Each structure stands twice: as structure tokens, then as C-alpha cells.
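My entries follow the order of looking.

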Amino acid sequence: MQCWLISVVVVAVSTMILLFLFSFDSLEYQQIGLNYSFLSESVEKEPYKPGRYYLGVTNRFIKFPRTVQSVSFIDDWAEGLQGPALQSRTKDGLTVRLEVSFQYKLIFNELYNLWATLGHDHYETTFTRMAMEQLSTATTNHNAHFFFRNRTYVSTEMHRKLDEHFRQHAFAEVPFFQLRTVHLPDDFEDAIRETQVQEQHIHIARLEQKKKKVTFATEVLKAEQAVKKINNQAEGEATATLTKNRAYCEQYKYTQELQADALEGVIAASAWTAPELLDFLGLRAVRDHPSENTLIRI
Ligand SMILES: *[C@@H]1O[C@H](CO)[C@@H](O)[C@H](O)[C@H]1NC(C)=O
Ligand SMILES: *[C@@H]1O[C@H](CO)[C@@H](O)[C@H](O)[C@H]1NC(C)=O
């Protein structure tokens, strides 16, 4: 009888201890969760941060990741990635393949709404589908040429759209986005590359033209300098000649005046008439002249 009672007490106490232990649930550092009761199949709206909580025997946490989760659409995809490169069309109708990846993070305060709207098991698949749809649509906003020219802009725009859409419909935010590669049809890429090469040529030609312009301007400047120098020289020479001529003329005039004075003196002293004086001068000229150059008419 006593033995039976002891057994009951032991079983009861053990059961209570077990029930007490099973009433706890914990969330790891990288997890957030919702308080789910499988008795009433209901969920508390309040989300929970990492830690150990007393929930009651009939309750457990539905766990969600607290950290950033990555989604990739790349060509050499493997297990764990979401799929191969996205295929879509540009505004001008060319096929384009985009390799992209992005990272999303669940919004803590929206956790209940996420669970209520998208559930726990399939929300990741829904996210992937949403992203594919959004990115494919965003692709059709631009011409193929724009993808080549302005990839940064395309990338920023896709990121913004994805983030907006996820905040509104997926109860998550997209803090990071990478547009890894853009594959356009080979013909188009070749044509673009050719265009770029030609543009390079034009650029180089422009530079050369500029350089030549500078060289020519320098030549013209040099020539102008030379002309100026020559002009200055000529002016200098002209002035010098003029000065010299003037000096010579002055001197000549002075000599002539002196001579005239002297001859006047001779006339006065000798009492010669003018013809007699001229005879005398003629004789002196003959005497002073080199004899081999003299021809006298008699
Ligand atoms: C979880 O929900 C149950 C009711 O379903 C409640 O009794 C319990 O206190 C909740 N747990 C916490 C930690 O709030
Ligand atoms: C990229 O596109 C935007 C919007 O059309 C424009 O404002 C920007 O200047 C472009 N950048 C380049 C490098 O073409």
C-alpha cells in the first residue's frame, strides 16, 4: 500500500519536473520568434528577441532568422542558392541575363504579419519569386544600351525598387544589392564594343588636334616675335644711317664754310681777281692729283 503511494508520488513529481522543463523554450543569438500555442493553434502578436523564456507546456517558439539572409541568382548556381541568372528583356526587346544577389533582413516588429501573411515554411520561396518578378520588371525600364552605359544607375534603381517592394509586401528590408553581371546578346555586345573602340579613336584624334593647335599657335607666336625683331633691327639701322648722314653733312658744310672764308682771305691778301684765283686753284688741283690719272688738254 505504502509502496504504491510512493510510486504515485515519484511519478507525479517526475512528471511535474519534466513538464516544467518542457515549458521553456529559447531563441539563439541569430533567431527571433513568435509564441505559438499548439493547444489553441494561435500565435501571440508580440515577437521575441534571443533568450530563454517560460512559455508553458503547450507553447513553443516559431523561429525566424534575425540576421541578414542572402539570395543569389548566378549562372553557376549550386545547392543553397536560389537559382540561375535571371532572364528578362530590355525595353527595346533584347534578351538580357542578370546575375544578381541581395540580402534581406526580416523586420522585427512585422514578424507576426509575416507569419500571418506568408507563413513560416514557404516565405523564403515567396521572397525568391517576388525578387525575380521585381527584377525582371525593372529590367524592362531601360534600353539595352543603357545597361552598358549606366550600370551603376540600373543597380541603384533595382536596389531601391526591391527594398520598397520588400518593405511593403514581404515584411523585410533589403540592405544590400549586387548587380554582378549583365549579359546581352553577343551581336549587341560586339556592336557596342566596336562603338566604344571608335569612340576611343575619336577621343584620341581630339587630343591630337588639341596638341597640334597648341604647336601651331606656338609657331605663329615665334614667327611674330621674329618679325618684330627684324622690324626693330631695321628701325635701328635706319636711325643710325640717318644720324651718320646728318653728321657727315654738318661736317661737310662746316669744311666748305671754312674753305670759303680762307679763299676770301686769299683774295683779300693777294689782290687777285676771281678768274686769277680760279687759275691758281686749277693748278693746285693738277699738282695734287695722282699723275697717272691726269689727262691735260692743251
Ligand atoms: C505565450 O503564450 C501563452 C498563451 O498561449 C502565454 O500563457 C505565455 O505567457 C506566453 N509566453 C510568454 C513568454 O509571454
Ligand atoms: C545615368 O543615368 C542617370 C539618369 O538617366 C543620369 O542622371 C546620369 O547622368 C547617368 N550617368 C552616366 C554616367 O551616364
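How far is an oxygen atom of ligand 1 from an N or O atom in the side chain of Tyr48? I read 2.7 Å for that pair. I keep in mind that this is a predicted model.

**Entry 1: ligand 1**

I looked up the polar pairs next. An N or O atom in the side chain of Asn35 sits 2.4 Å from an oxygen atom of ligand 1. For Asn59, I found a polar side-chain atom 3.0 Å from an oxygen atom of the ligand. I then checked cover. On its own, ligand 1 has 360 Å² of accessible area, and the protein covers 54% of that.

Which elements give two or more residues to the shell around ligand 1? I noted strand E2 (31–37) and strand E3 (42–48). I listed the surrounding residues too: Asn35, Ser37, Glu44, Tyr48, Tyr54, Leu55 and Asn59. Sorted by class, this shell has 3 nonpolar, 3 polar and 1 charged residues.

**Entry 2: ligand 2**

I moved to the other site. Around ligand 2 I found Phe146, Asn150 and Tyr153. I looked up the side chain of Asn150: one of its N or O atoms is 2.2 Å from an oxygen atom of ligand 2. The protein covers 32% of the 360 Å² of accessible area that ligand 2 has on its own.

**Entry 3: helices H3 and H5**

Last, I looked at how two helices meet. Helix H3 covers residues 123–139 and helix H5 covers residues 151–169. Their axes come within 10 Å and cross at roughly 140°. Because of that angle, H3 counts as oblique to H5. The cut-off for roughly antiparallel is over 145 degrees. I also noted the hand: H3 passes H5 in a right-handed crossing.

How values were computed
Residues are numbered from 1 along each chain as its sequence is written. Chains are lettered from A and ligands numbered from 1 in the order in which they are written. This is a predicted model: local features need pLDDT of at least 70, side-chain atom pairs count only at pLDDT 80 or more; totals for chains, interfaces and linings use all residues. Side-chain values use heavy atoms; hydrogens and water are left out. A residue is near a molecule or strand if one of its heavy atoms lies within 4 Å of it. A polar contact is a pair of N or O atoms within 3.5 Å; within protein, one must be able to donate a hydrogen and the other to accept it, and residues adjacent in sequence count only if both atoms are side-chain atoms. Accessible areas come from the Shrake-Rupley method with a 1.4 Å probe; for residues, only the protein chains shown count as cover. Helices (H or I, at least four residues) and strands (E, at least two) are DSSP runs, numbered from the N terminus. Ala, Val, Leu, Ile, Met, Phe, Trp, Tyr, Cys and Pro count as nonpolar, Asp, Glu, Lys and Arg as charged, and the others, Gly among them, as polar. Axes are lines fitted to C-alpha atoms, for helices over the stretch in contact, and angles run from 0 to 180 degrees between N-to-C directions. Angles under 35 degrees count as roughly parallel, over 145 as roughly antiparallel, 65 to 115 as roughly perpendicular and the rest as oblique. A crossing is left-handed if the near helix is turned anticlockwise from the far one by less than a right angle, and right-handed if clockwise.
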